[in-house]
Amino acid sequence: MAEWTNWSGKLSAEPRRVVQVGTVDAIRSELLAARDGGWSVRTAGTAHSHYPLLPTDGVILDTRPLSGLVSVDKDAMTATFRAGTKIHACGRPLLEHGLGLLNQGDIDQQSVGGAIATGTHGTGIHLGSFSSAVTELSVLLVDGSVVTCGPDFETDLFEAARLSLGAVGVILEVTLQVREAYRLEEQRWLEPFESVMERIEELTTATRHFEYFWYPGQDRAICKSIDITEKPSQYPLGDEGQRLAWGFEVLPNQRLDPHTEMEYSIPTEHGPSCVADIKHLLSSSYPDVVWPIEYRTVAADDVWLSPARGRATVTVSIHEDVQRDETAYYRAAESVFRSYEGRPHWGKVHYLSTEDLAGDYDRWQDWWHVRDGVDPTGVLLNDALRELRAL
Ligand SMILES: Cc1cc2nc3c(=O)[nH]c(=O)nc-3n(C[C@H](O)[C@H](O)[C@H](O)COP(=O)(O)OP(=O)(O)OC[C@H]3O[C@@H](n4cnc5c(N)ncnc54)[C@H](O)[C@@H]3O)c2cc1C
């Protein structure tokens, strides 16, 4: 029996083993042993998810050794990474080829495999999630076969696997759309919250990336805009909000205080009203919460289980100290998010049922159909995913 916890320490498990795997043979032997032995296998990136996607009493595969850039294709503008590669390990090798990721999130500690499995995203109205940037996948299925899939071959497997919740197979390699390398310049300022919301369309369209944080009790929001620049990098890098350097040097931040997080994707037009309601919820019912609301944007995509599927999206995140019980606040906030057609981030806290999700996703049943087809006995499911299984 091993001990396992996620990044925040809030989730824990006692799997029979946690195994570091870096080769197809090692992963295949774990899958076949689990299938024959009747235990489950969950594949971990860096355990940064707040939703219990990984806890199991079976085996947790730690994919950190499954790492590195495999190849680039400059004609197609794609790059293939082993799935355990951390996002911070993508930037420099891509730059050596004159390339860069299309976008990345708030931190760069996650794995590429984990980022695509939950629809991880950054901010920018024209920029989609990691899942939407996938152009090809190599997947090791529970029967031991390795299948390559893409938008024009093994299409259903591709659709299910590019946002898979870790339940379709073990992703070995991920091919991502990339672009020519670019430098970014960021700016940070304080602005009255009401003014930010009045100007939100202007702010989100003026630069490549815009986001803001608003802390309970404050009149002003902390705004951040980041845009492409031809200016040379400035080293040493300034603090967050003042950096001018390569994209992968400017986009990530340090988020060291352990917390939990709930995030909902809302149709863009509802973003301002939704935030106003969450703000009111905080002041009226949860005045002791000190953690912020974060507001970002994501482009619409067509990924089966993407929270941004079919609609231009605003993501609204709420946070709470990991030592505090977030349940009442998050449940109340979830009702607000749901009243604005919110869809949950797959890697963050939510309390939805399969009935709720079937209403959110037109391909929910199809996703389960493909998943169950390649893993009929549920080797890749844990308790949380079994709860979500389509009826
Ligand atoms: C401090 C912090 C900041 C964050 N910032 C952002 C942000 O800016 N934007 C955002 O969208 N999210 C953000 N997140 C959420 C985070 O990006 C997601 O939870 C992401 O899935 C974590 O990646 P991971 O490598 O840690 O995956 P894990 O948490 O280890 O796993 C997540 C899922 O990926 C699956 N998985 C991992 N590797 C594989 C593989 N090789 N094959 C098959 N399945 C696999 C797992 O089985 C699991 O279902 C943040 C989380 C934290 C804690």
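Analyst: Asp375 is buried, with a relative accessible area of 0%, where buried stands for under 20% relative accessible area, exposed for over 50%, and partly exposed for what lies in between, using a 1.4 Å probe and protein chains only. The model is predicted, so local features need pLDDT of at least 70 and side-chain atom pairs count only at pLDDT 80 or more, whereas totals for chains, interfaces and linings use all residues. Residues are numbered from 1 along each chain as its sequence is written, and side-chain values use heavy atoms, with hydrogens and water left out.

Asp375 sits in the loop between α11 (364-374) and α12 (383-388); helices here are DSSP runs of H or I with at least four residues, strands are runs of E with at least two, and both are numbered from the N terminus. The side chain of Asp375 is joined to that of Arg371 by a polar contact of 2.8 Å. A polar contact is a pair of N or O atoms within 3.5 Å; within protein, one atom must be able to donate a hydrogen and the other to accept it, and residues adjacent in sequence count only if both atoms are side-chain atoms. Once neighbours within four places in sequence are set aside, Asp375 is in contact with Val142, Leu380 and Leu381, contact being defined by heavy atoms within 4.5 Å.

The protein is divided into domain 1 (1-181) and domain 2 (183-344), with bounds that come from an automatic or database domain assignment. Their centres, taken over C-alpha atoms, are separated by 25 Å, and the contact between them takes 33 residues from domain 1 and 36 residues from domain 2.

The largest nonpolar core has 95 residues, and those with the most contacts inside it are Leu137, Tyr212, Ile278 and Phe337. Such a core is a set of buried Ala, Val, Leu, Ile, Met, Phe, Trp, Tyr and Cys residues joined through side-chain atoms within 4.5 Å. Strand β11 (residues 170-180) gives the most to this core, with six residues. Domain 1 and domain 2 both give residues to the core, so it lies between them. In soluble globular proteins, nonpolar side chains tend to be buried together. Beyond four places in sequence, the contacts of Phe337 include Met262, Tyr264, Cys274 and Ile278. A second, separate core of seven residues includes Leu11, Ala13, Ala47 and Ile60.

Leu11 also belongs to the surroundings of His50, which touches, among others, Asn6, Trp7, Leu11, His259 and Glu261 when residues up to four places away in sequence are not counted. His50 lies in the loop between β4 and β5 (59-62) and is buried, with a relative accessible area of 10%.

The ligand is surrounded by 34 residues, of which the closest are Thr43, Thr46, Ser49, Asp106 and Ser111; a residue is taken as near a molecule if one of its heavy atoms lies within 4 Å of it. An oxygen atom of the ligand is 2.7 Å from an N or O atom in the side chain of Ser49, and the corresponding distances are 2.9 Å for Gln110 and 2.8 Å for Thr120. The protein covers 99% of the 960 Å² of accessible area that the ligand has on its own, the areas coming from the Shrake-Rupley method with a 1.4 Å probe; for residues, only the protein chains shown count as cover. β4 (41-44), α3 (112-118) and β11 each supply at least two residues of the shell around the ligand, and α3 gives the largest share, four residues.

The backbone also has some points to check. Most residues other than glycine have a negative phi, and most peptide bonds are trans. A cis peptide bond, with omega about 0°, joins Tyr235 and Pro236, and Pro236 lies in the loop between β14 (220-229) and β15 (244-246). Glu154 has a positive phi near 50° and is found in the loop between β10 (146-149) and α4 (155-161), where it counts as partly exposed at 46% relative accessibility. Glu341 likewise has a positive phi, about 60°, in the loop between α9 (327-339) and β19 (343-344), and counts as partly exposed at 49%.
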